[in-house]
Amino acid sequence: MTQPPSTPSAPRLPPGQIQTRKWPVLHYGLVPRVDPARWRFRIWGAVERPLELSWAELEGLPQVESRCDIHCVTRWSRFDNVFGGVAVSPLLARAGPRTRYVMVHGEPDYTTNLLLEDLDRPENLLATSHNGEPLTPEHGGPVRLLVPHLYLWKSAKWLTGFEFLDEERAGFWEENGYHFRGDPWAEERYGRDEYLRMRRGGRL
C-alpha cells in the first residue's frame, strides 16, 4: 500500500501545513499503559456479526504495510511513514456494517467519529508498528488506528473498537468544535456547526 507520488498539480503538503522530520507527541490527558494480554478490540452496534479480537488473534491475522504521509491539525506533516499492522477493510467485511456512521473508541475514553467510506479504505490499518519498530505508548501503542487521508486526530490512539451507529454523533474533539470529517486538503480543522448545517441541507 503506497501513496502515489506528488506532481506539480498535486503537491504532497496540504495547505497550511509545515513539513517536519520529527514525530511530535500530542494527546489529551495522560498516556495509558495498555497491557496487550488484556487488550480487546471490538466491532459492535449496527452490524450483522459483532466481532471481538484478542491481541494474539490480531497478531495471527495477515500483516500488511501502509506507506503514507501523516498530517496533524496543529499544522505539521510528516512524509514517508511506513506503518505495519492489520488492514481495516477485511475486519469490516467480517462484521457486516448496516450503517455508515462509526464511532471510534480508544483508551481510556477517547472517541472520534468517522464515516464508513473514510474508514473502509485499503491504506487504513490497525497499526502496531512504525518504520519497523513497535508503536510506543506515546504514539498510541500497542495499537492505533491509521486513517492517513484525514487529520491525525481521526487516527485514534490506544484503539479499542468501532461502534456502528444509526445516526452521526460527535466524538471528543468534534464536541469541542473540531470538524466532523477533517480533510487536510480542504483545511477542515474546525467548523463542526457549519458541517452539520451542510449535512442537514443535503450538501454532504
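Strand β6 (residues 101–106) and strand β11 (residues 159–165) run antiparallel and are joined by six bridges. Strands are DSSP runs of E with at least two residues, helices are runs of H or I with at least four, and both are numbered from the N terminus. Val 102 stands opposite Phe 164 in β11. The model is predicted, so local features need pLDDT of at least 70 and side-chain atom pairs count only at pLDDT 80 or more, while totals for chains, interfaces and linings use all residues. Residues are numbered from 1 along each chain as its sequence is written, and side-chain values use heavy atoms, with hydrogens and water left out.

Strands β6 and β11 belong to an open sheet of five strands, in the order β3-β2-β11-β6-β7. The pairing is mixed; two strands pair if DSSP finds at least two bridges between them. The edges are held by β3 (51–54) and β7 (110–115). Each has a single partner strand, so one side of each is left without a neighbour in the sheet. From one strand to the next, the twist averages 15 degrees. Angles run from 0 to 180 degrees between N-to-C directions, with axes fitted to C-alpha atoms, for helices over the stretch in contact.

Buried means under 20%, exposed over 50%, and partly exposed in between (1.4 Å probe, protein chains only). Beyond residues up to four places away in sequence, Thr 111 touches Met 103, Val 104, His 105, Gly 171, Phe 172 and Glu 174. Contact means heavy atoms within 4.5 Å.

The largest nonpolar core has 33 residues. Such a core is a set of buried Ala, Val, Leu, Ile, Met, Phe, Trp, Tyr and Cys residues joined through side-chain atoms within 4.5 Å. Phe 41, Ile 43, Leu 126, Leu 145, Phe 162 and Phe 164 have the most contacts inside it. At least two residues each come from β2 (40–45), β3, α1 (55–59), α2 (88–95), β6, β7, α3 (116–119) and β11. Helix α2 gives the most, with four residues. A second, separate core has twelve residues, including Cys 72, Leu 125, Ala 127 and Leu 135.

Aromatic pairs come to ten. Rings of Phe, Tyr and Trp (its six-membered ring) pair if their centres lie within 6.5 Å; planes under 30 degrees apart are stacked, over 60 edge-to-face and the rest tilted. The centres of the Trp 153 and Tyr 178 rings are 4.9 Å apart and their planes stand at 85 degrees, so this pair is edge-to-face. The pair links distant parts of the chain, 25 residues apart. Trp 153 is in the loop between β10 (144–146) and β11, and Tyr 178 in the loop between α4 (172–175) and α5 (192–200). Trp 153 is buried at 9% relative accessible area, and Tyr 178 is buried at 14%. Ring pairs link both into a cluster with Tyr 110, Tyr 151, Phe 172, Trp 173 and Tyr 190.

Charges also sit over rings (NZ of Lys or CZ of Arg within 6 Å of the ring centre and within 35 degrees of the ring normal). The charged end of Arg 12 is over the ring of Phe 79, 4.4 Å from its centre. That of Arg 42 is over the ring of Trp 44, 4.0 Å from its centre.
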